[in-house]
Amino acid sequence: MLRDRFNQQSLGVPLNTMVKEARILMVGAGGIGCELLKNLVLTGFGEIHIVDLDTIDLSNLNRQFLFRQEHIKKSKALVAKDAAHKFNPRLKLEAHHANIKDPQFNVNWFRGFTMVFNALDNLDARRHVNKMCLAADVPLIESGTTGFNGQVQVIKKGQTACYDCTAKETPKSFPVCTIRSTPSQPIHCIVWAKSYLLSEIFGTSEDESPELDHSEDSENAQEIEKLRQEAQALKLIREAMGTESFPQLLFDKVFKDDVERLKSMQEMWKTRKPPRPIDYSSTVQEVADAETRKSEILRDDQRVWNLHENIVVFRDSLKRLSRRLQSMKSTSDLDAAEPIITFDKDDEDTLDFVAASANLRSIIFGIETKSRFDIKQMAGNIIPAIATTNAIVAGLCVLQSFKVLRGDFSSTKEVFLSPFAPERLLSSDRYREPNPDCPACSVAQTRVLVDMSRATLNDLVEDFLRLELGYGDEFVVNTETGPIYDVEETENLSKKLKDLGIKGDSFLTIIDDDDENPRVNLILNVQEATTDLEDRPIKGLDISGSPSADGDRPASPIPRKRKSAVESNGQGVTGIEEVHPMANGIVGIKRTAEEALGHESGEAKRPKTTVNGANSANGTSVNGEHGSALIIDDSTDGAIVIDDD
Amino acid sequence: MTEVVTNPTPPILHGPSDKEKKYDRQLRLWAANGQQALEDAHILLLNSGSGTVGVETLKNLVLPGIGKFTIADDAVVAEADLGVNFFLDEESLGQSRSERCVNFLQELNPDVKGEHFPKQEGDNIEKLLGYGRQYTLIMYSLPIEPYTLALIQQYGQQYKVPLVSIHSAGFYSYFQIHLPGCFPIIDTHPDSTATTDLRLLNPWPALSEFTRNLTKDIDNLSAHEHGHIPYLVLLLYYLEKWKESHGGFPSTYGDKKAFREFVSEGARTDNPEGGEENYDEAVAAVLKTVSEPSLSSSVKDVFEYQPTAEESDSSFWIITDAIKKFYGKHGELPLPGSVPDMKAQSSVYVELQNIYKVKARQDVAEVLETVRQHPRGKEIDVNEVETFCKNAAFVKLIHSPDSSADTLKEITGMFDEQALLTMMPLSLLPIYLALNATSHVPSASTSEIIATISKTVPEACSDPRVVQAAEEVARANGGELHNISAMIGGMVSQEVIKIITKQYIPIDNTCILDGITSRTQVLRI
Ligand SMILES: [Zn+2]
């Protein structure tokens, strides 16, 4: 076919055929997803399934090119599918406007794919897909971008490092006392405005905010008790919403009285600058001039507002939010729950309120104030995103997919975009080995077929784990909610699995407590048998014990834990890897695609003995060979938690 | 359960515009002035070959909102185009490729204007380039007719317009940036930790006086006051004392270590903590902040450059000249003016911040005064002078290389030698040589490619890696892989944005991509 000519030519017939026959799952149809879908379609992939829960937002349109103004609020997955279909109607495309964590997407469903692409924007979903792909033993190509930075990684169970092999930065939480009593950075004041003030006045209580750490100890117990009382008093002021005196009551409470109380605790300010309370009635007279410029101030997104301007915005946004909440109350049903307003970075009213309140608090504590534009980013965890980075990363994903299709995992790369190392733009590293201590991939996995009508815990413990897999006396069986069996807790043995909360598609973890030589953790994926299992109610699907020679105890198919991380490091590579022999190409003879792509010829590998490659010519080289954390130049905040929605 | 209501927003009468919202995620990278530069830009793409890489590059420029683009392309859409170019469909078959691509690209962003060329019978390249200076930047994809290329190069020379060439064939690709003359960048976005400049070894009178006041009775200060002298003031105080006893400031590493000791001895230890936090901060800051002011090589390069008569009339060179004079007079650059966070009493810290800010403002005023003396100085925006002063230590000049057979020979001579020495992956130069040999022909056999290479760098032809690259280019037969073109298109548009916004440092000047190994290399060719 003519249309296929270039692909056929460059990929070669065997690879081109593999591409056409592959079944692909793409999780996420956002920034990377749009680019990736286009590239997959034009590379000739025959069948692509798309899962995305999100709907399209105005701020997506600067890069998610399959979407237009008229698609706002529609499903990303469905609109992306339609756009790709228009391009090639012969394609087999399926879209799910759904959460990838939904039970319909179980391990067996994942097993139906040749490979999976992650084009996600959050840690939680990434870890979930990582887990599912490990359980289903399907290769995963993981990618992410933030601003000019990006990253691509191939994950194949047992062969390359998985997403969880290196610890990921978790969202930051702040001690409640830092936020409520001793702020020292702009972010502390922003979190205060968003997770305390806004939610106490217009939402539910701050206790539900994950950004606040309420852990108590003997040192802060007294202060925390005081803070509780303060919050109670604030709730009372909430009753005055809508009255003339409400703004002053609220302002004086949080910007004067509470500050006075803090200021009076002198031992708190021995090593910190004491705060300066602001009095409403005396300050409000000075803001008349700023008041006349209100609409101009509100349009001024990138300039830092002064004290008076912040007061104007505070009062105005408070009025807007109060009115909104009251009209919500007047129209809501009597028996319905109390309506609330929560922070949304794209909701102007909440953003104005948080920006002005945070700045006022910063002024009180002598902390630098910020523009609304900056506060939006900090309060809304906004990650900069552009089309260019997504295009590069999506291209790299597809390049890695060719190696995955050929099963050539040893030549897969972990690639980083390094836009601030102008001598390269990309840095590609050899894949990393799995981390032997990784909780997600250093485990054994198997599916078990279970006759739910009769299988008991005893069937699992005695017949399957002990007799078939060779487990000894000491091990623990955990469900996703907690332990159901160990050597001392045997009362559940006679119970049926279904009565212990185990269903089809649930996961069980078997932890071996053998003193001498424990097995790695075993993860069982429970599959409900649809036909009658003749002899045994539980059958292993992927592994089963082979009777050992003496017939006494079966040899265990579950590997033992490695003794230490050091031993298991550096499989296969010793000394300097030989440079591939040059291809003996003779002028005039065409190389086949097979020859060209079959190996990566002529690439000198770094010697294994130099532990870090930092001495390379440009000094920014990273070395992932030892499973060490990879570092990239990052102008923003140094994090490699990479996201693009 | 509480009902969570997030979105019954009343009509919005204030706040950022829809455009700001649409571009929110990118404004965080290049700010409003970068966005304005993009919106003022008109980009010309001369498309050729199978035509995908240029269109993919444009896509990434249309999305963030360049002002205008023009695609010049004689081709008529053929069946093979549909397999590689996303911005064409079945209905496009037999029609003008430039017109169809412009229509599809324009759909991506209604704020962007698109034009196609040729529009009518008889439209030719002379006409396209004959309207004078109207393009901000020209991109052309290879292969290209030598005659057309010569006209583009002439246009670039005449109007000082940056040119970007792109070649994508099979798994290989490269792009090359040709900047007109010297290309200065003020806003290079240096790492935020690198920008602190405290002037500890050459404090100005206000700072010295402030230090004297705060430390004049240092031994009799209360515990609270002593523990709250900002570390910056402590360092200034002990540097002065060190100078008295040593006759100069600590300069060597050994000196600085001894000085660190000297500072820490000043801390009071007769308190429950057994030390003072501000002294700890001072000790920790010694190595990073106690250093003679020196110009970075990139600033020296800017200072030493002799702008041409034409160049010297631009605001960059007028401000540079003023800053050079400033440096000549004071032996230091204008002060950036920011002070890092430190333990201090609030009022003292604010005062300290003000001292730095006032000095920074004075420096800007002095530079501005010099600028104003220039005949064109009145037209220069004070904001530009301020930005320049703030970034003065990080300005950068990119000199375009002289493209000639000799440089290519030189690079070829050392390409793998260097790679082996540093244990870096081998050079991608062979890919460039092989693609470059097909700059003016739609496709070529391996032997034809080798023959062309031998005309410029005969010694490369015996290298098996060059032969291998030639084979691969021959095999691609002038065809593009969509994925490679999309990826290099992403990289090209990234560099184009840097050039148009004059922010961040663009590559210098050739980036080669090997799609088989997912590697790139930047070479100056
Ligand atoms: Zn892992």
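Chain B has 21 helices and eleven strands in this predicted model. Its C-alpha trace spans about 90 × 70 × 65 Å along the principal axes, and 56% of its 525 residues count as buried. Over all chains, the salt bridges number 67.

**Salt bridges in chain A**
- A:D137 pairs with A:K156, with 3.2 Å between the closest N and O atoms.
- A:D137 sits in the loop between helix 6 (123-136) and strand 5 (140-146) and A:K156 in the loop between strand 6 (149-155) and strand 7 (174-175), so this bridge ties together parts 19 residues apart in sequence.
- A:D137 is partly exposed at 37% relative accessible area, whereas A:K156 is buried at 13%.
- A:K376 forms a salt bridge with A:D346, the closest N and O atoms lying 3.7 Å apart.
- A:K376 is buried, with a relative accessible area of 8%, while A:D346 is partly exposed at 34%.
- A network of salt bridges links residues including A:E291, A:K294, A:D301, A:R315 and A:D316.

**Salt bridge in chain B**
- B:K359 bridges to B:E332, with the closest N and O atoms 3.9 Å apart.
- B:K359 belongs to helix 15 (residues 346-373) and B:E332 to the loop between helix 14 (315-330) and helix 15, 27 residues apart.
- Both partners count as buried, B:K359 at 8% relative accessibility and B:E332 at 9%.

- A:D473, A:E474, A:E488, A:D513, A:D515 and A:E516 form a negative surface patch.
- A:E474 is in the loop between helix 18 (457-468) and strand 13 (475-478) and is partly exposed at 40% relative accessible area.

Notes: Residues numbered from 1 in each chain as written. Chains lettered and ligands numbered in written order. Predicted model: local features only at pLDDT ≥ 70, side-chain atom pairs only at ≥ 80, totals over all residues. Heavy atoms only, no water. Patch = residues over 30% accessible without salt bridge, like charges linked within 9 Å, V, L, I, M, F, W, Y side chains within 5 Å. Areas by Shrake-Rupley, 256 points an atom, 1.4 Å probe, with all protein chains shown as cover. Salt bridge = Lys/Arg side-chain N within 4 Å of Asp/Glu carboxyl O. Lys, Arg positive; Asp, Glu negative; His and termini not counted. Charge placed at Lys NZ, Arg CZ, Asp CG, Glu CD. Helix = DSSP H or I, 4+ residues; strand = E, 2+ residues; numbered from the N terminus. Buried < 20%, exposed > 50% of the residue type's maximum accessible area, 1.4 Å probe, protein only.
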